[in-house]
Amino acid sequence: MRPWPAALLAGTVMWMSGCGYHLAGKSDALPKSIHVIAVPALENKTTSYRIEQRLTAATVHEFLAKTQYRVISNPANGDAVLRGKVLSVEAVPLLFDTATGRATTMLVSVKCEVTFEARETGKVLYHSDNFLFRNQYEISTDVKSFFEEQDPALDRLAQDFAARLVAAVIENF
């Protein structure tokens, strides 16, 4: 067996590890002094009923499930604080059923203002005036099923939003 394939493989691995490659969701750009993150309820600047509660609960769950940080609601007791405002929620039809003319897929957009800062120093670790989350969701064309799907659909939206938000904050994108 020739030694050059092993040397080539080893060289490639060393080259890739030095180029900044990492798995998404595995980077932690936060200071090591942060152990407790406060996530008070997001502010709702929209007419969407209780959307801030769903997004806040999903964000807390995502931090607990995907990171090692302890999460609390009181900003005075956290090492860092994540504050946010839901600025807009829009849903527009994307695909239609040709037979009925009803929408079958909606494009949902949620725009937020988000600030994540170290509590003691006030240093802003992440900020976005325009944190935009977009995703498409299939909906039923059956009227009865449509109303039964509304709550689970909003929960899926909140979970997807929270996953994107937590990744942005932790990875500092």
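Trainee: What share of the 173 residues in the protein chain is buried?
Mentor: Buried residues come to 31% of the 173, where buried means under 20% relative accessible area, exposed means over 50% and partly exposed lies in between (1.4 Å probe, protein chains only). This is a predicted model, in which local features need pLDDT of at least 70 and side-chain atom pairs count only at pLDDT 80 or more, while totals for chains, interfaces and linings use all residues. Residues are numbered from 1 along each chain as its sequence is written, and side-chain values use heavy atoms, with hydrogens and water left out.

Trainee: And which pattern does the chain follow along the sequence?
Mentor: The order is α-β-β-α-β-β-β-β-α, with three helices and six strands, taken as DSSP runs numbered from the N terminus (helices H or I, at least four residues; strands E, at least two).

Trainee: Which residues touch the most other members of the largest nonpolar core?
Mentor: Among the 34 residues of that core, they are Leu55, Phe63, Leu82, Val110, Phe116, Phe131 and Phe161; a nonpolar core is a set of buried Ala, Val, Leu, Ile, Met, Phe, Trp, Tyr and Cys residues joined through side-chain atoms within 4.5 Å. Helix 3 gives the largest share, nine residues.

Trainee: What does Phe161 touch, then?
Mentor: Leaving out residues up to four places away in sequence, Phe161 touches Leu55, Thr59, Val110, Cys112, Phe131 and Phe133, a contact being heavy atoms within 4.5 Å.

Trainee: Switching to Gln136, why does it count as partly exposed?
Mentor: Gln136, in strand 6, counts as partly exposed because its relative accessibility is 47%. Beyond its neighbours within four places in sequence, Gln136 is in contact with Leu94, Thr105, Met106 and Leu107.
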